[in-house]
Amino acid sequence: MQMALLGSLSPYLELTREEWAKLSDYNNLEVTEEELAEIRGLNETLDPEEVRDVYLPLASLIRLHRRATVELFRARNTFLRRRDLEVPYIIGLAGSVAVGKSTTARMLRTLMSSWSDYPRVYVVSTDAFLYPNSVLEERGLMDRKGFPESYDLPALIKFLYSLKSGARHLEIPTYSHLKYDIVPGERQVIDEPDIVILEGLNVLQTKGDGQVANMKNLYVSDFLDLSIYLDAREEHIRRWYIERFQILRETALRRPESYFRKYASLSPEEAEVVASQVWDAINGPNLRENIEKTKWHADLIVVKGQDHRVRSVLMRKI
Ligand SMILES: Nc1ncnc2c1ncn2[C@@H]1O[C@H](COP(=O)(O)OP(=O)(O)OP(=O)(O)O)[C@@H](O)[C@H]1O
Ligand SMILES: CC(C)(CO)[C@@H](O)C(=O)NCCC(=O)O
């Protein structure tokens, strides 16, 4: 791997799947039947063994990190003789289109919501900060959706800035994959958040001008307490993208409000061609030009294999 080039030196600790999976045994971690049922409801292709062996230890590690972060905040307040409001803990989840970010984020939310302190966990996608199609069309960016210039970065930064300033109630736009656009008038409400999982292609990017207030060039990563990069080989992700398109073609794309309704009548072979073209023209180049290179900024890198099973986990040593 790129980072392990300096002989045996690497700032990352690498755990194989087997080493990682053992953590749930060593630490007596259990997933309840209710959690499994809820997770299955999220996505029926999710393997329960994977939840226990991979995502449960991941959620537990995050819990440990959040506790230490909150402790540090409290200790600092004691030192300063202040009683400031606690602000939410923000996790960034980065990776390619179709690598599994939203599935992973929703799974983590389910596991975290059952913790004994019952944190209020929100999943926010950076898609909420895509410019509406009307703006993208005007700027000639309809074929650049997902590229840095397709996001309203100042609005995203302002949202994070407000969260980390202690705002307890926020409303943000919603993006519909079905309508392929921001939904006018529809908002996602973030009320009294304890944890926010921010998932998106761009959470570790440092491009663009994230100006807010009088501060220029703020990055999303300035507001993250922990960052995770979900990694897999492009050939596998491309296949998952095409498979998801095939499933959508048989289901959601048929709905009258679907932007891609014209694709619902395609044969499986034609759909394969269309999805491949979209991947090769947009999502693949975006992965290579803008997303992949942010990997080594993450605290944790979770590497998936062809079957979606996690193969290894890399963790920054400090
Ligand atoms: N752990 C997993 N096990 C099995 N299937 C999975 C897993 N994670 C994701 N998938 C499948 O892979 C596809 C892509 O997943 P998902 O929609 O979560 O990706 P994403 O990274 O959020 O994509 P986008 O950037 O387009 O929103 C979906 O069809 C999903 O069902
Ligand atoms: C909205 C994004 C950018 C990210 O979720 C992606 O799903 C997307 O729409 N990409 C553009 C090309 C495509 O239609 O897949």
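A residue is counted as buried if 20 or more other C-beta atoms lie within 10 Å of its own. By this criterion, 31% of the 318 residues of the chain are buried in the predicted model. The C-alpha trace spans about 60 × 50 × 45 Å along its principal axes. A compact globule of 318 residues would have a radius of gyration near 20 Å, and the chain, with 20 Å, therefore agrees with that expectation. Of the contacts between residues at least 6 apart in sequence, 72% join residues at least 24 apart.

The secondary structure of the chain comprises 8 helices and 9 strands. An open sheet of 7 strands is formed in the order β1-β9-β8-β7-β2-β6-β3, and its pairing is mixed. Helix α1, comprising residues 17–26, lies across β1 and β9 (310–316) and runs at about 85 degrees to β1.

Within the sheet, strand β2 spans residues 89–95; 7 of its 7 residues are buried, so the strand is largely enclosed by the rest of the structure. In a regular strand, side chains alternate between the two faces of the sheet. In β2, Tyr89, Ile91, Leu93 and Gly95 point one way, whereas Ile90, Gly92 and Ala94 point the other way, and all of these residues are buried. Strand β2 runs parallel to β6 (residues 195–200), to which it is joined by 6 bridges; here Leu93 has Glu199 of β6 as its bridge partner. A further 5 bridges connect β2 with β7, again in the parallel sense, and Gly95 stands opposite Leu230 of β7. Strand β7 (residues 226–231) also pairs with β8 (residues 300–304), in the parallel sense and over 4 bridges. In this pairing, Tyr229 has Ile301 of β8 as its bridge partner.

The residues around ligand 2 are Val97, Asp127, Lys145, Gly146, Leu201, Val278, Ile282 and Asn283. Classified by residue type, this shell consists of 4 nonpolar, 2 polar and 2 charged residues.

Terms used. Residues are numbered from 1 along each chain as its sequence is written. Chains are lettered from A and ligands numbered from 1 in the order in which they are written. This is a predicted model: local features need pLDDT of at least 70, side-chain atom pairs count only at pLDDT 80 or more; totals for chains, interfaces and linings use all residues. A residue is near a molecule or strand if its C-beta atom, placed from the backbone, lies within 6 Å of it. Ala, Val, Leu, Ile, Met, Phe, Trp, Tyr, Cys and Pro count as nonpolar, Asp, Glu, Lys and Arg as charged, and the others, Gly among them, as polar. Two strands pair if DSSP finds at least two bridges between them. Helices (H or I, at least four residues) and strands (E, at least two) are DSSP runs, numbered from the N terminus. Two residues are in contact if their C-beta atoms, placed from the backbone, lie within 7 Å. Axes are lines fitted to C-alpha atoms, for helices over the stretch in contact, and angles run from 0 to 180 degrees between N-to-C directions. A residue is buried if 20 or more other C-beta atoms lie within 10 Å of its own, exposed if 12 or fewer, and partly exposed in between; C-beta atoms are placed from the backbone. The radius of gyration is taken over C-alpha atoms; the globule rule is 2.2 Å times the number of residues to the power 0.38.
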